[in-house]
Amino acid sequence: MIDHGHDLASVRDATDRLLTAAAKLDNAGVTQPSRLPGWSRGHVLAHLARNADALVNVLEGRPMYSSAEARDADIERDAPRPLDVQLTDLRESTARFLRTGAAPADWSRTVELRNGVTDSASRVPFRRWIEVELHHVDLGIGYELEDLPAQFTEREIDFLAGRFSGHPDVAAARLTDGTRAWRTGRETTEPEITVTGPAPELLGWLAGRRDGSGLTVQGGSLPTLPPL
C-alpha cells in the first residue's frame, strides 16, 4: 500500500540532501554540463523547480504544464540563473508542493500527468521523490546510484519494471539482485532472459542512467529499453 505521507517526508529529506550538496557549487559550476545530454546543471535545477510547481497543478486538478513547449521554454529561461537564485527557487517550489501535499484530500482519486498519463494521486509524492533522487545523481556532484536509499532503489526498480511490463519490444526478463526479483518485458509464460546484478546497476539500466555493463545476462542479450 502506498503511504503518501511517508513519501512526502522522503521528498523533503531528499531535497534537503540535494540543496546541501548543490550549495557547494559556485555560479560557474552551475553552467557546467550535467550527466543529461544537452543539459547543464542549471537546466537540471530549473527542471526540478518547475516540476514541483507542475505537480502542484496536478494535485489541484489543473494541467501539469500548459504545453510541452511552455515546459521546455521555462527550463531554458531559468537554467542560466545564479546558484543562489536556483537554490531559493527549488527550496520555495518544494515548500509549495509539500504544503499542497499536506492539505486534506482524496488520495485515492485519479490524476492526469503529462501526455495523457494517469495515476493515483497517492503516487504523486513518490513520483516527485523519483525526480529529486535521480536528478541529484544527474547533477554529477558526487551523489551516485549507490548512495540512494535502499528502500527507494527497490521501489523504483519495481516501478520501472512495471512501466516496461507487457512491452512487445522488450524481451521477457527476470531481474534479480540475488535476493529480490522482478519481471518485466513482453508477456510470456516464462522469462526469456535473466538479468542479474546489484540493485543500483539494475536501477541505472532501467532508468537509462547506465548501459548495463555491470549486469550479467543469461539466455540472451540485454534488451535495449525504450525511452521513459
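Some ground rules. Residues are numbered from 1 along each chain as its sequence is written, and side-chain values use heavy atoms, with hydrogens and water left out. Because the model is predicted, local features need pLDDT of at least 70 and side-chain atom pairs count only at pLDDT 80 or more, while totals for chains, interfaces and linings use all residues.

Let's start with the core. A nonpolar core is a set of buried Ala, Val, Leu, Ile, Met, Phe, Trp, Tyr and Cys residues joined through side-chain atoms within 4.5 Å. Buried means under 20% relative accessible area, exposed means over 50%, and partly exposed is in between, with a 1.4 Å probe and protein chains only. The largest nonpolar core has 61 residues. Among those with the most contacts inside this core are Leu 18, Phe 97, Phe 152 and Leu 203. Which elements supply at least two residues each? They are α1, α3 (41-59), α5, α6, α7, β3, β5 (193-196) and α8. Helix α3 gives the most, with nine residues.

Look at Phe 97. Contact means heavy atoms within 4.5 Å. Leaving out residues up to four places away in sequence, Phe 97 touches Leu 8, Val 11, Ala 52, Leu 55, Val 56, Leu 59, Val 124, Pro 125 and Arg 128.

Stay with helix α5, residues 83-102, and find Ser 93 there. Ser 93 has a relative accessible area of 0%, so it is buried. Beyond its neighbours within four places in sequence, Ser 93 contacts Ala 49, Arg 50, Ala 52 and Asp 53.

Now helix α7. The expected span of a helix is 1.5 Å times one less than its number of residues. Helix α7 has 15 residues, 150-164, so at 1.5 Å a residue it should span 21 Å; its end C-alpha atoms are 22 Å apart, which agrees. Its buried residues are Phe 152, Thr 153, Glu 156, Ile 157, Phe 159, Leu 160, Ala 161 and Phe 164. What covers them? The cover includes α6 (124-138), β3 (173-176), β4 (181-184) and α8 (199-206). After α7 comes Gly 166, with a positive phi near 85 degrees.

Take the pair α7 and α8. Two packed helices are described by the angle between their axes and the distance between the axes. Axes are lines fitted to C-alpha atoms, for helices over the stretch in contact, and angles run from 0 to 180 degrees between N-to-C directions. For α7 and α8 the angle is about 40 degrees, and the axes are 9 Å apart. On the α7 side of the contact are residues including Phe 152, Ile 157 and Phe 164; on the α8 side, residues including Ala 199, Leu 203 and Leu 206.

Next, charges. A salt bridge is a side-chain nitrogen of Lys or Arg within 4 Å of a carboxyl oxygen of Asp or Glu. How many are there in the whole structure? A search finds 21. One of them joins Glu 133 and Arg 17, at 2.5 Å from N to O. Glu 133 is in helix α6 and Arg 17 in helix α1, residues 4-22, so the pair ties together parts that are 116 residues apart in sequence. Is Glu 133 buried or exposed? Glu 133 counts as buried, at 1% relative accessibility. Arg 17 counts as partly exposed, at 33%.

Two more bridges. Asp 119 pairs with Arg 127, closest N and O atoms 3.0 Å apart. Asp 119 is buried, at 13% relative accessibility. Asp 177 pairs with Arg 180, at 2.3 Å between the closest N and O atoms. Arg 180 is partly exposed, at 27%. There is also a network of salt bridges linking Arg 50, Asp 53, Asp 74, Arg 77, Asp 78, Arg 81, Asp 89 and Arg 96.

Last, the loops. Most residues other than glycine have a negative phi. Asn 115 has a positive one, near 55 degrees. Asn 115 sits in the loop between β1 (110-112) and β2 (118-120), and is exposed, at 72%. Thr 179 is in the loop between β3 and β4. Thr 179 is exposed too, at 73%. Its C-alpha is 9.7 Å from that of Pro 198, which is 19 residues apart along the chain.

Conventions:
Helix = DSSP H or I, 4+ residues; strand = E, 2+ residues; numbered from the N terminus.
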